[in-house]
Amino acid sequence: VYTIGNTSLCNEGYCYTFSLTDKSSNLTQGIIDSIPAKISNDYSLNFSLINNSSQTDAAEIFIANNANGLKLLQYEITDVDSRKLNGTITGNKLSVPVGDMLKGATVLGKIDFTTLKEGINNLEFKLNSQSAGGKQTVFSKTFKLEVPPSQSMNLEILPSVIVPFIENELI
């Protein structure tokens, strides 16, 4: 596996890495905001999230594609207690509880998906916390997968001129 681009970033609360693996070429690229993708191709979003701030109570990973340009397939997530959680994703959203994230706690994971539509497909990643005040988002990142249009197809037919209202034999 080859890795291209930044491998780790930090903000005031969390250090994180996000990468995208193209399963057809086995090439992994770091993601900051956007990344090119191919239509009808299988990918894995790999992530690592380390808490650098105070405790995050009842944390959950939330992943969504609201425009239906991606089909979410499978997930593998290692929670704060090093338990491996995995399963099949139904629909375009995933929510997985990962436990109380103390300072220094790490959550790792991989989300498999397929690109379905051309254009910019947003993949939303959030870490939510359930506190006395209700659910709040403590970390959020949205990735833009830029899927170019499919190639155009040119057809040559004979005869090159088709006369209307007459049966034409095409070659």
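Leaving aside its neighbours within four places in sequence, with which residues is Ile 111 in contact? Ile 111 is in contact with Tyr 43, Ser 44, Leu 45, Phe 47, Ile 63, Leu 72, Gln 74, Tyr 75, Ile 89 and Leu 94, where contact means heavy atoms within 4.5 Å. The model is predicted: local features need pLDDT of at least 70, side-chain atom pairs count only at pLDDT 80 or more, and totals for chains, interfaces and linings use all residues. Residues are numbered from 1 along each chain as its sequence is written, and side-chain values use heavy atoms, with hydrogens and water left out.

**Nonpolar core and surface**

- The largest nonpolar core has 35 residues, and Phe 18, Ile 61, Ile 111, Phe 113, Phe 125 and Leu 127 touch the most other members.
- Elements giving two or more residues to this core include strand E3 (14–22), strand E7 (56–64), strand E11 (106–115) and strand E13 (134–147).
- A nonpolar core is a set of buried Ala, Val, Leu, Ile, Met, Phe, Trp, Tyr and Cys residues joined through side-chain atoms within 4.5 Å; buried means under 20% relative accessible area, exposed over 50%, and partly exposed in between (1.4 Å probe, protein chains only).
- Strands (E, at least two residues) and helices (H or I, at least four) are DSSP runs, numbered from the N terminus.
- In soluble globular proteins, nonpolar side chains tend to be buried together.
- Leu 155, by contrast, is exposed, with a relative accessible area of 66%, and is found in the segment after E13.

**Strand pairing**

- E12 and E13 run antiparallel and are joined by 13 bridges; Ser 129 stands opposite Gln 136 in E13.
- E13 also pairs with strand E5 (residues 34–36), in the parallel sense over three bridges, and Glu 146 in E13 is the bridge partner of Pro 36.
- Two strands pair if DSSP finds at least two bridges between them.
- E3 and strand E4 (residues 27–30) pair in the antiparallel sense over four bridges, forming a hairpin with four residues between them.

**Loop residues**

- Asn 26, in the loop between E3 and E4, has a positive phi of about 60° although it is not a glycine.
- Asn 68, in the loop between E7 and E8, likewise has a positive phi, near 60°.
- Most residues other than glycine have a negative phi.
- Glu 118 is found in the loop between E11 and E12 and is partly exposed, at 43% relative accessibility.
- Not counting residues up to four places away in sequence, Glu 118 touches Ile 39, Val 147, Pro 148, Pro 149 and Ser 150.

**Salt bridges**

- The whole structure holds seven salt bridges, each a side-chain nitrogen of Lys or Arg within 4 Å of a carboxyl oxygen of Asp or Glu.
- Asp 112 forms a salt bridge with Lys 23, the closest N and O atoms being 3.3 Å apart. Asp 112 lies in strand E11 and Lys 23 in the loop between E3 and E4, so the pair ties together parts that are 89 residues apart in sequence.
- Asp 112 is buried, at 10% relative accessibility, whereas Lys 23 is partly exposed, at 41%.
- Lys 135 forms a salt bridge with Glu 60, with the closest N and O atoms 3.0 Å apart. This pair links distant parts of the chain, Lys 135 in strand E13 and Glu 60 in strand E7, 75 residues apart.
- Lys 135 is exposed, at 54% relative accessibility, while Glu 60 is buried, with a relative accessible area of 13%.
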